[in-house]
Amino acid sequence: VAVVPIMGVMSRYGNYCSWGSEDVANWILEANRDESVSAIVLEINSPGGSVDGTELLGEVVRQSQKPVVAWVAGMA
């Protein structure tokens, strides 16, 4: 199982303290290509952020060939 962290304020490209929506989308795509991964857990502790990049990330999650679940470790 791949655990993908979504921590801090979200933006499309990230910043000094967090990864961006495009980074997270790429990790999900990579987990889908990895035969040793059977499912994906999004570990979320984020107050939200900018809308830019959200549609891309949502589409990657929607089209995932492997099950994707979210676990809130703080706020979401």
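**Contacts, core and strands**

A: Leaving aside neighbours within four places in sequence, Val24 is in contact with Val4, Pro5, Ile6, Met10 and Leu57; contact here means heavy atoms within 4.5 Å. Keep in mind that this is a predicted model, where local features need pLDDT of at least 70, side-chain atom pairs count only at pLDDT 80 or more, and totals for chains, interfaces and linings use all residues. Residues are numbered from 1 along each chain as its sequence is written, and side-chain values use heavy atoms, with hydrogens and water left out.

Q: Which residues touch the most other members of the largest nonpolar core?
A: Those are Ile6, Val24, Ile28, Ile40 and Leu42, out of 14 residues in that core. A nonpolar core is a set of buried Ala, Val, Leu, Ile, Met, Phe, Trp, Tyr and Cys residues joined through side-chain atoms within 4.5 Å. Buried means under 20% relative accessible area, exposed over 50%, and partly exposed in between, with a 1.4 Å probe and protein chains only.

Q: And which element gives the most to this core?
A: α1 does, with four residues. At least two residues each come from β1, α1, β2 and α2 (54-62). Helices (H or I, at least four residues) and strands (E, at least two) are DSSP runs, numbered from the N terminus.

Q: How many bridges join β1 to β2?
A: Six, and β1 runs parallel to β2 (residues 40-45). Two strands pair if DSSP finds at least two bridges between them. Ala2 sits opposite Ile40, and Pro5 is opposite Glu43.

Q: What about β2 and β3?
A: Parallel as well, with five bridges between β2 and β3 (residues 68-72). Glu43 has Trp71 as its bridge partner in β3, while Leu42 stands opposite Ala70.

Q: Which β-α-β unit do β2, α2 and β3 make?
A: A right-handed one. That label applies if, with the strands pointing away from the viewer, the path from the first strand over the helix to the second runs clockwise.

Q: Changing topic: where is Ser11?
A: In the loop between β1 and α1. Ser11 is buried because its relative accessible area is 19%. Its side chain reaches the backbone nitrogen of Gly14 at 2.9 Å; a polar contact is a pair of N or O atoms within 3.5 Å, where within protein one must be able to donate a hydrogen and the other to accept it, and residues adjacent in sequence count only if both atoms are side-chain atoms. Not counting residues up to four places away in sequence, Ser11 touches Gly20, Ser21, Ser50 and Asp52.

Q: How many aromatic pairs turn up in the whole structure?
A: One. Trp19 and Trp27 have ring centres 5.2 Å apart and planes at 70 degrees, so they count as edge-to-face. Rings of Phe, Tyr and Trp (its six-membered ring) pair if their centres lie within 6.5 Å; planes under 30 degrees apart count as stacked, over 60 as edge-to-face and the rest as tilted.

Q: Is Trp19 buried or exposed?
A: Trp19 is exposed, at 53% relative accessible area. Trp27 counts as partly exposed, at 26%.

Q: Back to Met7: what is in contact with it?
A: Ser18, Glu43 and Asn45, leaving aside neighbours within four places in sequence. Met7 itself is partly exposed, with a relative accessible area of 32%.
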